[in-house]
Amino acid sequence: MEEWTARAQKSVENNRDDLARTALKARAELEQALHSAADESKNLDARVTQLEFDMAQLKTKLAEAKAKLKEISTRHAPTGKARAAYSEQEVSPAERKIRRAMGRFDRLQSQVERLEARVRSYEVGGEAINAWVAEETAADPAIEEELQKLKNRIAPEVPKVEVQADTDSEA
């Protein structure tokens, strides 16, 4: 943004208002992109924090479910011939519930991993901006106002060259 401001100042010094407008517009677009990226970053941080909290809760529930499953399986573990008969029996409703919970946890974990990968690959800044391409659009009042302020600030600094008529040559 400082580079675009410097370019705008240089353009004003060289009496190139068109280039100064373009530079100020590019700076304004960069400023807007910066604010947009900062807002998006805050939103993503909040979402990641919430997902981490949810994941911690699910891990706790999963650990509890695994402990219950282990307790149930050790308490009701069949031996010998009963083991073969047990494997053919239908799965208990509690075990089905635990399996569903574990499946949901796996899906949530993969969703979090995809989100993390997406965040890592997220490009801040989007498309490259070519500010030197002149666009025929209506003048932006904010840019015009900033250009006028820039002119007023630079005007006292730029020495004005006065053209004096050479009166000695006529005499």
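How many helices and how many strands are there in the protein? There are six helices and zero strands, where helices (H or I, at least four residues) and strands (E, at least two) are DSSP runs, numbered from the N terminus. Reading along the sequence gives the pattern α-α-α-α-α-α.

Before you click further, note that this is a predicted model, in which local features need pLDDT of at least 70, side-chain atom pairs count only at pLDDT 80 or more, and totals for chains, interfaces and linings use all residues. Residues are numbered from 1 along each chain as its sequence is written, and side-chain values use heavy atoms, with hydrogens and water left out.

**Stop 1: helix α1**

Select residues 2–13, which form α1. At 1.5 Å a residue, these 12 residues should span 16 Å, and the end C-alpha atoms are 17 Å apart, which agrees; the expected span is 1.5 Å times one less than the number of residues. Now show the side chains of Trp4, Ala8, Ser11 and Val12, the buried residues of α1. They sit on the same side of α1 because they cover an arc of only 100 degrees around the axis (the arc is that of the directions from the helix axis to the C-beta atoms). Buried means under 20% relative accessible area, exposed over 50%, and partly exposed in between, using a 1.4 Å probe and protein chains only. Turn to the other side of α1 to find Glu2, Glu3 and Lys10 exposed.

**Stop 2: Ala8**

Is Ala8 buried or exposed? Ala8 is buried, with a relative accessible area of 0%. Leaving out residues up to four places away in sequence, Ala8 touches Ala20, Ala23, Leu24 and Leu150, where contact means heavy atoms within 4.5 Å.

**Stop 3: helix α5**

Next, select 141–154, which is α5. Its 14 residues should span 20 Å at 1.5 Å a residue, and the end C-alpha atoms are 20 Å apart, which agrees. Colour Ile143, Leu147, Leu150 and Ile154, which are buried in α5. These cover an arc of only 60 degrees around the axis, which puts them on the same side of α5. Pro141 and Lys149 are exposed on the face turned away from that buried side. Which helices do the buried residues of α5 pack against? They pack against α1 and α2.

**Stop 4: the core**

Select Trp4, Ala8, Val12, Ala20, Ala23, Leu24, Ala26, Ile143, Leu147, Leu150 and Ile154 together: these 11 residues make up the largest nonpolar core. Such a core is a set of buried Ala, Val, Leu, Ile, Met, Phe, Trp, Tyr and Cys residues joined through side-chain atoms within 4.5 Å. Helices α1, α2 and α5 each supply at least two residues of this core. In soluble globular proteins, nonpolar side chains tend to be buried together. Zoom in on Leu24, which touches Ala8, Ile143, Glu146 and Leu147, not counting residues up to four places away in sequence.

**Stop 5: the whole chain**

Finally, zoom out to the 171 residues of the protein, of which 14% count as buried. Among contacts with a separation of 6 or more, 79% are between residues 24 or more positions apart.
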